[in-house]
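Hello,

Here is the structure I promised to pass on to you.

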Amino acid sequence: MKSLADLEAIRKKTLDQVTLRKDEDSVRIVVGMATCGIAAGARPVMNAFMEEVAKRGLENVTITQTGCIGMCRLEPIVEIMVPGKEKVTYVKMSPEKAARVVAEHIVNGNVVAEYTVGAAE
Amino acid sequence: MKELSLHILDIMQNSIVAGADRISLTLVEDSHADLLSFRIEDNGKGMPKEMVQSVMNPFVTGRTTRRVGLGIPLLKAAAELTGGGISLSSREGEGTVIEARFGLSHIDRQPLGDMAGTMLGILTSYEDIVFIYTHRVDEQEYTLNTQEMRDILGDVSFSQPEVMLWLSEYLNENETALYQK
Ligand SMILES: Nc1ncnc2c1ncn2[C@@H]1O[C@H](COP(=O)(O)OP(=O)(O)OP(=O)(O)O)[C@@H](O)[C@H]1O
Ligand SMILES: [Mg+2]
């Protein structure tokens, strides 16, 4: 069983390797988590992003939640902000699509056009 | 909602929007009493009395100026469908307590669903908020207090990959253990 004591080791290890990162340099993933988003499946999408980011050990990515983005029928909606680039809005997301967005957009820098709000409308 | 854990997530979002920095969730499955209940308590901005009433009965207020919320009415309907109900009490400037009760063995009760995933998402997204989560299943229970994690981790973020993976396993192990006799 995992116990809280493990965290002490994790803290030591992380402080050793991580040089303090600056927030403005990081990629931001924002998941819409109002009632409409949650009902449409936002939670597994959010968890898929977390899992992909953790598995790949991506240090400069932050995942946050927001309320209603205002397009309930297109939920789950995810926005990706890469420093110096325009914000990209992905709609009708799923855990599988999340994995692809991490691999192609966040790691390789290629927007997955077919999942974007532009393609949906 | 397909799962009760999604209602829980949704109701905790209300506490977050209300500016709470301390949220406690107590979830109990009691087979002797045939009851599943949860209680979410926060120290957010609270609501005036009239608001509590209109939130519980959004369609009788005739309000048209603002989009009516869905979260609490959906929870209320789901609970009542199983012979249960919800109660809401709030004080402006102090906080809010909401409690929901469901018939545990009622055929219309949604499954609880993925509590580990629910808690993982919310704990790592809002690490400035102290969460105290207790889940009891008959005689077995566990409690997670994020203040204890913070005290050990210091400046290390909950969303650091190593911490996130640890937390995911910790939650999953503890949730699973609750159902092992
Ligand atoms: N914990 C809380 N503290 C303070 N105010 C609350 C709390 N919970 C609910 N409210 C108030 O009650 C309103 C209705 O909540 P409800 O969850 O039903 O809808 P919503 O959050 O407005 O929208 P939705 O849930 O559909 O995204 C909220 O907008 C808020 O003003
Ligand atoms: Mg709500």
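One term first: a residue is called buried when its relative accessible area is under 20%, exposed when it is over 50%, and partly exposed in between, with a 1.4 Å probe and protein chains only. Helices (H or I, at least four residues) and strands (E, at least two) are DSSP runs, numbered from the N terminus.

Please keep in mind that this is a predicted model, in which local features need pLDDT of at least 70 and side-chain atom pairs count only at pLDDT 80 or more, while totals for chains, interfaces and linings use all residues. Residues are numbered from 1 along each chain as its sequence is written, chains are lettered from A and ligands numbered from 1 in the order in which they are written, and side-chain values use heavy atoms, with hydrogens and water left out.

**Helix α5 of chain B**

With those terms in hand, look at helix α5(B), residues 146–153, where the buried residues are Thr146(B), Met149(B) and Leu153(B). These three sit on the same side of α5(B), because they cover an arc of only 55° around the axis (the arc is that of the directions from the helix axis to the C-beta atoms).

After the helix comes Gly154(B), which has a positive phi near 60°.

**The ligand site**

Which chains contribute to the site of ligand 1? Residues from chains A and B surround the ligand, so the site is shared between chains. The shell has 18 residues, and those that come nearest are Thr35(A), Asn14(B), Asp42(B), Leu70(B) and Ile72(B); a residue is near the ligand if one of its heavy atoms lies within 4 Å of it.

In chain B, α1 (4–17), α2 (49–56) and α3 (71–80) each supply at least two residues of the shell, and α3(B) gives the most, with three. Sorted by class, the shell has eight nonpolar, seven polar and three charged residues. Here Ala, Val, Leu, Ile, Met, Phe, Trp, Tyr, Cys and Pro count as nonpolar, Asp, Glu, Lys and Arg as charged, and the others, Gly among them, as polar.

- Thr35(A) has a polar side-chain atom 2.5 Å from a ligand oxygen.
- Asn14(B) has a side-chain N or O atom 2.8 Å from a ligand oxygen.
- Leu70(B) has a backbone N or O atom 2.9 Å from a ligand oxygen.

These are polar contacts, meaning pairs of N or O atoms within 3.5 Å; within protein, one must be able to donate a hydrogen and the other to accept it, and residues adjacent in sequence count only if both atoms are side-chain atoms. On its own, ligand 1 has 590 Å² of accessible area, and the protein covers 84% of that. Accessible areas come from the Shrake-Rupley method with a 1.4 Å probe; for residues, only the protein chains shown count as cover.

**Chain A and its cysteines**

Chain A has five helices and four strands, in the order α-β-α-α-β-β-β-α-α along the sequence. Of its 121 residues, 44% are buried.

How many disulfides are there over all chains? Taking a disulfide as a pair of cysteine sulfur atoms within 2.5 Å, the count is zero. For Cys36(A), the nearest cysteine sulfur is that of Cys72(A), 3.5 Å away. Cys36(A) is buried, at 14% relative accessible area, whereas Cys72(A) is partly exposed, at 40%.

**Backbone details**

Most residues other than glycine have a negative phi, and most peptide bonds are trans. In chain A, the bond from Glu75(A) to Pro76(A) is cis, with omega near -10°, and Pro76(A) lies in the loop between β2 (61–66) and β3 (78–81).

In chain B, Asp34(B) has a positive phi of about 50°; this residue is in the loop between β1 (22–30) and β2 (35–42) and is partly exposed, at 33%. Asp138(B) also has a positive phi, near 50°, but is buried, at 14%, in the loop between β5 and β6 (140–145).

Best wishes
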